[in-house]
Structures are given as C-alpha cells and as structure tokens.
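This report describes selected features of one protein model. The sequence and the coordinates come first, and the notes follow.

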Amino acid sequence: MDSKAMSLLSWMVYVFGFSLLTLSPIQALEHDDQGCLSDDVNFDSGHGCWIHHDLGENRDRPVRVWYYYPENFSTGSNQVIFAMHGANRDATNAIARWQPFADQYGALIIAPEFSRLHYPKAADYNRGRVLNSNGDLLPFSDWTYASIEEIFDQVIRLIPGAPKRYSIQGHSAGGQFVQRMALLTDNFRIKSAVTANPGWYLLPDRNDRYPCGIANFSKHAIDLKTAYARNLVITLGTEDNDPNAPLLNHGSCAEMQGSNRYDRGRFFYEYARKDALNRGLTFNWKLVEVEGVGHSANGMVKAGANEILSEPEKQRPLVLTPTQDATVKANYPNSNYGLRDTLQVDGQSEKTTYIQFDLRGVTEVGAAILRVDVTDPSSGLQLLHEANGNQWSETGLTFSNQPGVADLIATVNGSHSGDLSIDLSDFIHARMGEIVTLVFSSSNANGLYFKSRESTSPPTLELYH
C-alpha cells in the first residue's frame, strides 16, 4: 500500500474512532476541532485523544495527546508506551505504527503531539525546551520532557492498577527527544527507552554546554551512574547513511559525531560505553542495528517493539520489596513509627530512615537499582549508608536503640517528586546472600519524604542479571 493510501486509511480510522466518542456520556464536555477533550480523558477501547495543559510555564502551549487502547489491555501486566513523533509532528502516524504491536501484546500507546504552533523549533521539541532564549537553563517544570511525566500521571490516575513505569520510543527528532530525556535526569519513571535514527546526540561531556554536552548542569543535576544503568536502546538503520539527508543537522557538534545518522549513532554508543568504563560505572545500554533499513519510522518500529514488548526473561529484573522499614526521630527518642506509610529524612529535626532487604536468595547481580516514590522532595543531598548491623525490628526501632552506620554507599538527590532511582550495583553485588539494612540520613534542613512498604507504592530493589 502506498503512503497516500496509508494516510487515507489512518484518517478513516481516526474519524471512525472520534464518531464513537461523540456517543459517549462525556459528549457535553468541550472538544477541539479534532474531537479531543480539554484536560480530560475517558479511556475507551480503541482510539481517542485529549488536550493536556502543562502545569508549568508551558500551560499556554497545549499538547494534544492521542492514544490507542487495545481491547486486551490488562492493567496488572501490560505496558504503557509513549510513541514520540518525528519532525513532521505526525502523532497519529506514530499511533498507527504501534497499533499492530499494541494489539499483539495488549499495550496502551500514548502519542503526545508537540505542534509547530506551540513548539515551533527543534529547541522546543527535540531538545526539550531546556534553555531559554538567552541560553540559560529553564526550571525543570518548563522542560517539555516534564510533560511526559504529567501525562503519565493522568494515565495512571484513570487506570487503577496501571503499570508504575512507562516505556518510550521515538524516531528521528523523536529519537533525539528520547535520548536527551533518558540522559538528563534520573527521576523519570522510564522502564525502557528506545531511540531510532536520531540526527545527533547529547553527549555526557562536561567540557561542552547543552545541547552538545552537559557542562551547564551541576554534577548533582545529572546522575551518570543512574543514566548508564538505565535500559536505553539505540536502534540504527544500517542504510541511514546519507550525509546529505533532508533535515540532517550539520552543526559542529553533530558533524563531530559523524557525517550521517548511522555513523553518529555508533559514535554515541561507543563514546558512552567508554565513558562508563573509565568511570567504573555499570553500563546497561544496548546498540541494535537493523539491516537494510534507512531513515524510515515504519521500518524501525518493529525493532523498538521487540526491545520493549518481547523482552527476554533474563532482562526482566527481580524486584524485591523491603522486609521492614521505619523512621526514627530525635524529638521523640523512644517512639516507634514503623507502621507509618511515609518514611522521612531530615537533618534539622534528625529524622533517619532504615530500610532492610533480604538478599539471601540472590546469587547473581549485574545491576541493582533502588527505587523510592518521593512525596516531598528536598533541595539538599541525603546520605545513604549501610547500617552497622541488622538487629532491629520494624515495630521496635526507636531513635534511642537504632543501630549505628557503617560505610557511605551513595549521596542522593531527591529534588523531584515521583520515582527516585539510586544505583546500588557495586554494594548489592558485594552483599549477595546476606540481609542488608540501608540508612537514609541528612545534615540538610530541607527534608525528603517517600512512601514506605505499608503504602501502595513501596520502595523496591530491582536486580538485573
């Protein structure tokens, strides 16, 4: 089928989908000219859309969000996948590319549309609107990357039992979006990130400024340890090697990476792999070459779907939850708070948190990621130590009888709400077969609060082979 016929078929599918929406109980709500609801969504089987208004300074730049909800979507086991469009801003085509895989695997597909009207430049979309017109860093809430997290909040709020993390894939300009997003912060709830044929890449280089490198970010703002441990897959079409391809960036940063998209992708992967090796960090990224495919979003989507949806069992983490956890408070030295649904860390009021994991059945670890759900972020750094012993109980631990601390494991930046991931690979590898207690403390007056094992979103320790 030629491209015109495909476009006509896609248009007919969406017109039919929107005709169904007009028959629903929400028909009295405000719709735009595409039939999309304003700041509301009702997930019916099939196609639909809504208008998302950002919570930050981008609130006057609405994003139309398209979705495909297959009839076999199962909230307890299936995935939510963000399909990022390319420079043509063709979100409906991104949905159409993913629909066969959504039907096969029961995955919910979400395709945000960053329109040219509201996000006209590559800096607004591909590069995440990270800098203002003067080249200064904007607050995180103003980045277009933050919109993905806000949209995901809407999704999980309306689907009880939905997955707590999402996967994301993008081609070309969408691939640039995904690559930069995966590198820039450790707080995104990304399970798998797949880039396809980006035109050029953000390098983890502190000698160059964004969008070429990361010199204008503080060392605490970007956690390369967590970024390299993330499941990031770079997919490249072996025939996407035209140095004169349309829309190919020829700036100095891009040209330094190679003359074409294929060479630039291989350069980026090797650059990051060697950088992780030199830093002694776990490197969990993957390079996938798709033979005989050029700069084709349709030709690359299967490779992305294979990585996200038909993930081999050995790549699925063993997920442990704490055997016990509790906070102790200096102001109440003999009180126990072990059954509370929130854990607290605060240097000023001396609140310290203990979390215990049982690793006695663990015999092999390649990477280990601790994840906590932050409810009250902190502008300061927290300290993560190992406890000097495991002789404590959740219902008996107090400030007066708490065990001391041993070695420092990591410093923690919990500056954003939601998922906070901490790479504990080296520490957990050395403690396989044991019971371990982690201790969160701080000398900072701005406290960090996160959910306990008594909550619906407990801390988890993900162990990868």
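This is a predicted model: local features need pLDDT of at least 70, side-chain atom pairs count only at pLDDT 80 or more; totals for chains, interfaces and linings use all residues.

## Nonpolar cores

In soluble globular proteins, nonpolar side chains tend to be buried together. Here the largest nonpolar core has 58 residues. F43, F82 and I110 are the members with the most contacts inside this core. Among the secondary-structure elements, helix 4 (residues 173-184) gives the most to the core, contributing 7 residues.

Leaving aside residues up to four places away in sequence, I110 touches F43, V65, W66, Y67, V80, I81, F82, A83, I151 and V155. Another core, of 28 residues, lies apart from the largest one. L384, I409, V412 and V436 are among the residues of this other core.

## Helix 3 against helix 4

Two packed helices are described by the angle between their axes and the distance between the axes. For helix 3 and helix 4, the axes come within 10 Å and cross at roughly 85°. An angle of 65 to 115 degrees counts as roughly perpendicular, and helix 3 and helix 4 are therefore roughly perpendicular to each other.

The contact between the two helices involves T144, Y145 and I148 on the helix 3 side.

An open sheet of 5 strands has the order 11-13-18-15-16, and the pairing is antiparallel. Strand 11 (324-329) and strand 16 (405-413) stand at the edges; each has a single partner strand, so one side of each is left without a neighbour in the sheet. Direction ignored, neighbouring strands of this sheet are turned by 25° against each other on average.

Within the sheet, strand 13 (residues 351-358) and strand 18 (residues 435-441) run antiparallel and are joined by 6 bridges. T353 stands opposite F440 in strand 18.

## Salt bridges

Side chains of opposite charge can pair when their charged atoms come close. The structure holds 18 salt bridges. One of them joins R264 to E255, with the closest N and O atoms 2.8 Å apart. R264 is buried, at a relative accessible area of 0%, whereas E255 is partly exposed at 34%.

How far apart are the closest N and O atoms of R61 and D60? In this salt bridge the separation is 3.7 Å. R61 has 22% relative accessibility and counts as partly exposed, while D60, at 54%, counts as exposed.

A further salt bridge forms between the side chains of D240 and R261, at 3.9 Å from N to O. This pair links distant parts of the chain, 21 residues apart. D240 is in the loop between strand 8 (232-237) and helix 6 (252-257), and R261 is in helix 7 (residues 261-279). Are D240 and R261 buried or exposed? Both D240 and R261 are buried.

## A loop glycine

G135 is found in the loop between strand 5 (108-113) and helix 3 (144-158). With a relative accessible area of 23%, G135 is partly exposed. The C-alpha atoms of G135 and Y210 are separated by 8.8 Å, and these two residues are 75 residues apart along the chain.

Key:
Residues are numbered from 1 along each chain as its sequence is written. Side-chain values use heavy atoms; hydrogens and water are left out. A salt bridge is a side-chain nitrogen of Lys or Arg within 4 Å of a carboxyl oxygen of Asp or Glu. Buried means under 20% relative accessible area, exposed over 50%, partly exposed in between (1.4 Å probe, protein chains only). Helices (H or I, at least four residues) and strands (E, at least two) are DSSP runs, numbered from the N terminus. A nonpolar core is a set of buried Ala, Val, Leu, Ile, Met, Phe, Trp, Tyr and Cys residues joined through side-chain atoms within 4.5 Å. Contact means heavy atoms within 4.5 Å. Two strands pair if DSSP finds at least two bridges between them. Axes are lines fitted to C-alpha atoms, for helices over the stretch in contact, and angles run from 0 to 180 degrees between N-to-C directions. Angles under 35 degrees count as roughly parallel, over 145 as roughly antiparallel, 65 to 115 as roughly perpendicular and the rest as oblique.
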